[in-house]
Amino acid sequence: MEHKFVCIKDFEKHALDNLTPAVRDYYKSGAGDEDTLKWNRSAFKKLRIRARVLRDVSKRDIGTTALGERVSMPLGVSPTAMQRMAHPDGECANAKAVQAADTVFILSTLSTSSIEEVAAAAPRAIKWFQLYVYFDRGVTLDLIRRAERAGFKALVLTVDTPLFGDRRLDIRNKFALPAHLKFANFEGHLSDKINRSEDGSGLNEYTNDLFDDSLSWDDVDWLRSVTELPIVLKGILTAEDAVIGVERGASAILVSNHGARQIDGVPASIEALPEVAKAVGDRVEVYMDGGITQGTDVFKALALGAKMVFFGRPMLWGLTCAGEQGARAVLEMMRREITLAFALAGCSNVKEVTRDMVEHESTYSRL
């Protein structure tokens with residue numbers, strides 16, 4: 001790449017300077033006044049690392065496991081929609097970068113590359129499929145069967161989206177998917193309805209017409225009845241819901257506020273993580289996404305109870321800058337930063353990243 005990028009913010013700035021206004025605003029924005037969007041980042045700044053010293057860190061291994069699969073680092077890629085708006089290769093380029101990095105790629109239902117295209121592009125990648133539930137359960141069931149046939153290893157059910165949030169920039173821009181693109185997992189109006197907007201955000205019009213807002217915990221039971229793939233519940237922010245999810249048979253909980261794009265005013269994901277991790281214990285794996293932009297963020301999330309963390313927007317910035325090469329560069333930058341954070345905090349592996357290694361700033365303000 002011709003530009004010198006030394007941190008994720010460099011990728012972000014270059015991407016935002018080069019995307020069209022409507023796409024830029026879609027990728028970067030949050031819901032409402034965007035308070036939660038700000039908190040997703042600022043909450044990390046309120047956490048202090050209690051670094052330990054004189055602990056031999058000459059042999060470091062930042063690898064871990066996710067649903068029984070070995071991954072090279074405790075960072076994977078969250079589902080983000082419509083990645084071909086960032087680069088013509090879109091999700092395929094991202095999945096290939098994740099395959100090279102040996103971690104987890106989650107494909108969005110609302111992708112601009114199909115399940116089959118992504119599977120062909122990155123056959124060795126660990127791929128999970130993010131699932132929205134449509135009013136027509138046959139549509140959802142078809143997605144599940146295609147993901148199974150294509151070798152995806154888990155379903156990531158997004159549980160915080162009976163409707164899409166109040167994304168004001170999308171409404172102002174009358175956001176719609178550019179005409180040369182479509183939702184690649186569908187045909188007909190399920191595929192191209194997003195290419196137009198009647199009176200606001202085309203995405204909100206699409207989802208409000210087609211997504212099932214009557215979803216309940218019984219639908220998790222239904223999902224378990226139609227597939228043997230493990231189910232990850234994405235969008236949990238409370239201990240109460242985490243416990244219900246475990247009782248309903250989820251294999252993992254992904255603490256997430258949907259990139260702050262649903263209801264504004266909910267806590268940052270990192271703020272919600274400790275209560276969920278405490279409530280779940282070791283019964284299922286706990287993951288987190290939201291606000292991850294550097295290696296120390298990953299370290300803090302692991303200390304607060306995450307088995308693994310995920311991020312989405314930084315991969316979009318990498319794609320925008322240089323396609324697959326940019327996505328690879330983002331992942332390898334994060335790998336270096338995570339490894340450095342481990343070493344400088346006195347940890348040689350993920351098991352040594354313990355709860356006592358992170359404290360809230362309020363602990364120190366009282367001294």
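Two strands pair if DSSP finds at least two bridges between them, and helices (H or I, at least four residues) and strands (E, at least two) are DSSP runs, numbered from the N terminus. Welcome to a predicted model, in which local features need pLDDT of at least 70, side-chain atom pairs count only at pLDDT 80 or more, and totals for chains, interfaces and linings use all residues. Residues are numbered from 1 along each chain as its sequence is written, and side-chain values use heavy atoms, leaving out hydrogens and water.

**Strand 7 and its neighbours**

- Strand 7 pairs with strand 8 (residues 231-236) in the parallel sense, over four bridges.
- In that pairing, Leu155 sits opposite Ile231 of strand 8.
- Strand 6 (residues 126-131) also runs parallel to strand 7, joined to it by four bridges.
- Here Trp128 is found opposite Ala154 of strand 7.
- From strand 6 the chain passes through helix 6 (residues 137-149) to strand 7 in a right-handed β-α-β crossover (with the strands pointing away from the viewer, the path from the first strand over the helix to the second runs clockwise).

**Burial**

- Strand 7 (residues 154-158) is largely enclosed by the rest of the structure, because five of its five residues are buried (under 20% relative accessible area; exposed is over 50%, partly exposed in between, with a 1.4 Å probe and protein chains only).
- Ala154, Val156 and Thr158 point one way from the strand, while Leu155 and Leu157 point the other way.

**Cysteines**

- The whole structure holds zero disulfides (pairs of cysteine sulfur atoms within 2.5 Å).
- For Cys7, the closest cysteine sulfur is in Cys321, 12 Å away and so too far for a bond.
- Cys7 is partly exposed at 25% relative accessible area, whereas Cys347 is buried at 0%.
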